[in-house]
Amino acid sequence: MKVLGIESSCDETAAAVVEDGKRILSNTIYSQIRLHRDFGGVVPELASREHIKRIDGVVTVALEEAGCSVEEIDGLAVTRGPGLIGSLLVGISFAKAYSLAVGKPLVGVNHLFSHLYAPELTGEILYPALGLIVSGGHTSLYAADGVLKYRRLARTRDDAAGEILDKVSKELRLGYPGGPVIERLASTGDPKRYPFTFPRFRDGSLDFSFSGLKSAALRIAVEEGERLKREDFAASFQNAIVEYMVEKLVTFIDQALREGRPYRSLLLGGGVARNRRLRERVLEEGERRSLPVFLPEGDLCTDNGAMIAGLGFHYLTAGILYPYAAPPYSRYEPKGYQGEC
Ligand code: KG4
Ligand code: ZN
């Protein structure tokens, strides 16, 4: 069964054809990074306009590269949310029109769930798994009991990890997007040079909070002024973000173990999952506990159509179709298992 997946939730216009939820026949991504670089962040209105310009061409290339005609496609999958509402609307409107025009069923896929699914495209996830999704818009931990059986355990209450990398990089005029720039600088820096402390919630919640780390980074930069060693600063800041997330991961692994329902693997997804330090640390913690770690390769970490088409296959086979009249959602994350595409 071949599914055409369409993704337009943020600043990537992407489309892919995936067979049986596993075999990637094409994965076409048009990145808008150059368009937003001068602004140091994604400008929603510009993103929507660029999606409008690109989407037709991206879908055409994805079908061509897959060697597929429209008739050979069994269904369409599109990102329904969360994401930028204007950007989502472009992909959804396109997909609805396409689906009606060619008479193929359409499913609306949850973007965060698709990040949890991405490692299935190159391996066989062992469930139950503990999944960390970490991007410019989200930082959340999920328990994945199976495909489409995702439960959120923790999320950020303010900024996302990628967001503070981007914002601090912008303030210090280091470049855009911040994550890769900071990673590059950090490679020759001393991660112990500048101290960071991790936030704790008084109510004992295990949610994330990144705004304090962002403020601490900006304070250090102001206090150090001309003396700031950029490489050491980048290494210390990156290390703090990575260790904070790893600490949470370990807390949830240990908690599940104590409760007698241990996880069988770890998953990582989202743009920040490209970070080498984070990948190494999660692999280390997995190895220490004999837990396999599923790390998607570069283009499957960041936003792409393959993860939408891949998970879309399961929505289709489960019969969870997109109600054409239903709107996209910008923030809403379904709390429980499927049924609420
Ligand atoms: O998943 P993504 O492409 O888009 C969404 O935000 O949904 O993630 C983009 C984020 C940006 O914040 C970017 O700075 C970060 O991923 N990023 C990285 C790296 N590559 C991208 N962060 C750390 N290290 C990287 N190598
Ligand atoms: Zn994403």
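Residues are classed here as buried at under 20% relative accessible area, as exposed at over 50%, and as partly exposed in between, with a 1.4 Å probe and protein chains only. Serine 9 has a relative accessibility of 4% and therefore counts as buried. The model is a predicted one, in which local features need pLDDT of at least 70 and side-chain atom pairs count only at pLDDT 80 or more, whereas totals for chains, interfaces and linings use all residues. Residues are numbered from 1 along each chain as its sequence is written, chains are lettered from A and ligands numbered from 1 in the order in which they are written, and side-chain values use heavy atoms, with hydrogens and water left out.

Serine 9 is placed in the loop between strand E1 (2–7) and strand E2; helices (H or I, at least four residues) and strands (E, at least two) are DSSP runs numbered from the N terminus. Its side chain takes part in polar contacts, defined as pairs of N or O atoms within 3.5 Å; within protein, one atom must be able to donate a hydrogen and the other to accept it, and residues adjacent in sequence count only if both atoms are side-chain atoms. One such contact, of 2.6 Å, links the side chains of serine 9 and glutamate 7. Another, at 3.5 Å, links the side chain of serine 9 to that of histidine 111.

Histidine 111 is also a ligand of the metal site. The zinc ion (ligand 2) is coordinated at 2.1 Å by His111 (NE2), His115 (NE2) and Asp303 (OD). Donors are N, O and S atoms within 2.8 Å of the metal (3.2 Å for Na, K and Ca), and sites may look incomplete because water is not among the atoms. Along the chain, the zinc donors follow the spacing H-x3-H-x187-D. Histidine 111 and histidine 115 are separated by about one helical turn, because they are 4 residues apart in helix H4 (residues 111–117). Histidine 111 counts as buried at 4% relative accessibility, and histidine 115 is buried as well, with a relative accessible area of 2%.

Around ligand 1 there are 19 residues, of which Gly136, Asp166, Gly179, Glu183 and Gly271 come nearest; a residue is near a molecule or strand if one of its heavy atoms lies within 4 Å of it. A backbone N or O atom of glycine 136 is placed 2.8 Å from an oxygen atom of ligand 1. For valine 272, a backbone N or O atom lies 3.5 Å from an oxygen atom of the ligand 1 molecule. Glutamate 183 instead presents a polar side-chain atom, 2.7 Å from a nitrogen atom of ligand 1. On its own, ligand 1 has 550 Å² of accessible area, and the protein covers 90% of that area. Accessible areas come from the Shrake-Rupley method with a 1.4 Å probe; for residues, only the protein chains shown count as cover.

Helix H5 (161–171) and helix H6 (178–186) each supply at least two residues of the shell around ligand 1, and H6 gives the largest share, with 4 residues. By class, the shell consists of 4 nonpolar, 10 polar and 5 charged residues. In this scheme Ala, Val, Leu, Ile, Met, Phe, Trp, Tyr, Cys and Pro count as nonpolar, Asp, Glu, Lys and Arg as charged, and the others, Gly among them, as polar. At least three shell residues come from each of domain 1 (2–117 + 299–317) and domain 2 (124–295), with bounds from an automatic or database domain assignment.

Several backbone features fall in loops. Most residues other than glycine have a negative phi, and most peptide bonds are trans. The peptide bond from tyrosine 127 to proline 128 is cis, with omega near -5°, and proline 128 lies in the loop between H4 and strand E6 (129–134). Tyrosine 176 and proline 177 are likewise joined by a cis peptide bond, with omega about -10°; proline 177 belongs to the loop between H5 and H6. Arginine 173 lies in the loop between H5 and H6 and has a positive phi, near 50°. Arginine 173 counts as exposed, at 75% relative accessibility. Aspartate 20, in the loop between strand E2 (12–19) and strand E3 (23–31), also has a positive phi near 50°. Aspartate 20 is partly exposed, at 39% relative accessibility.
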